[in-house]
Amino acid sequence: MTNKAEIQVAVAGLGAIGKVLATQLDAGRIGGCRLAAISGRDPDRTAAFVAGLSTPVSVVPLAALPERAAVIVECAPSALLSQVVEPALKAGRKVVVLSVGALLERPALLELARAGQGQILVPSGALLGLDAVTAAAEGRIESVRMVSRKPPGGFKGAPFVEQNDIDLDHLSEPLQLYAGSARGAAKGFPANLNVSVALALAGIGPDRTQIEVWADPGVVRNTHHIEVVSDAALLHMTIENIPSENPKTGRITAQSVIALLRKLSAPVRIGT
């Protein structure tokens, strides 16, 4: 009996998440998967990173990743989403998308996935309960509300913060930055609230999903509380994520992608 062939995986982007994934794949810690290629924005840093890996890995432009791998993991800045996803879908590949918020502004990518052989995979990331929300959506969901709190530094550079000239350096108490739809939250906080879009796509959509965003000097973890009212269940869920080296992103995000990759070839898959 022969073993299944390993799934060739490419990593697009070498930020906090991309480095973790590439390292884990290179070390053979994600069963059934092998690191086949990497694409990074900075040639020198990318070359230095690849030189430290245990096995040779191709470094190629974003558009060439589908030639090297069956699964591409997008860990790049949201502005580069189309450059990662479009060629992958056209080549019939699976692409794991972390910049979920950017999908809302690029509906053509969703249509491309529906029309072709490729597939967009959205991991749970820094959120919990997406299986339950997806199941509830098979019935009737009346409302979805999420309250997100992060240390103020995690919101620095967000378009909403800069456009409204909000001072995050001298907060002594929680400050509500935003209240509105998940669509608006994704636009105002593209690096912070991909979780809100994942929740919206699992449930009742980005316009009906309501989000509150708080900069809170009293928290040390990125915290999300979700309430879902449906005809199948009333859900109350809270997660407190430990930030990664990038304060905008929780450590569990990379681990969520690793769990997704394991499921691709797992003999037993747990969860919806």
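Two strands are taken to pair if DSSP finds at least two bridges between them, and helices (H or I, at least four residues) and strands (E, at least two) are DSSP runs numbered from the N terminus. The model is predicted: local features need pLDDT of at least 70, side-chain atom pairs count only at pLDDT 80 or more, and totals for chains, interfaces and linings use all residues. Residues are numbered from 1 along each chain as its sequence is written, and side-chain values use heavy atoms, with hydrogens and water left out.

Strand S10 (residues 222-230) pairs with S11 in the antiparallel sense over eight bridges, and within this pairing Asn 222 stands opposite Asn 241 of S11. Both strands belong to an open sheet of five strands, ordered S8-S9-S7-S10-S11, in which the pairing is mixed. From one strand to the next, the twist averages 10 degrees; axes are lines fitted to C-alpha atoms, for helices over the stretch in contact, and angles run from 0 to 180 degrees between N-to-C directions. Helix H9 (residues 194-202) lies across strand S7 (141-150), strand S9 (210-215) and S10, and runs at about 170 degrees to S7; contact here means heavy atoms within 4.5 Å.

Strand S1 (residues 7-12) and strand S4 (residues 71-74) run parallel and are joined by four bridges, with Glu 74 in S4 as the bridge partner of Ala 12.

Aromatic contacts were examined next. A pair of aromatic rings is described by the distance of the centres and the angle of the planes. Rings of Phe, Tyr and Trp (its six-membered ring) pair if their centres lie within 6.5 Å, and planes under 30 degrees apart count as stacked, over 60 as edge-to-face and the rest as tilted. The structure holds four aromatic pairs. One of them, Phe 155 with Phe 189, is edge-to-face, at 5.7 Å centre to centre and 75 degrees between the planes. This pair links distant parts of the chain, 34 residues apart: Phe 155 is in the loop between S7 and H7, and Phe 189 in the loop between helix H8 (182-188) and H9. Phe 155 and Phe 189 are both buried (buried means under 20% relative accessible area, exposed over 50%, partly exposed in between, with a 1.4 Å probe and protein chains only). Phe 160 and Tyr 178 form an edge-to-face pair at 5.9 Å centre to centre, with 85 degrees between the planes. Phe 160 lies in helix H7 and Tyr 178 in strand S8, so this pair ties together parts that are 18 residues apart in sequence. Tyr 178 is buried, its relative accessible area being 13%. Ring pairs link Phe 155, Phe 160, Tyr 178 and Phe 189 into a cluster.

Asp 165, in the loop between helix H7 (159-163) and S8, is exposed, with a relative accessible area of 71%. Although not a glycine, Asp 165 has a positive phi of about 50 degrees.
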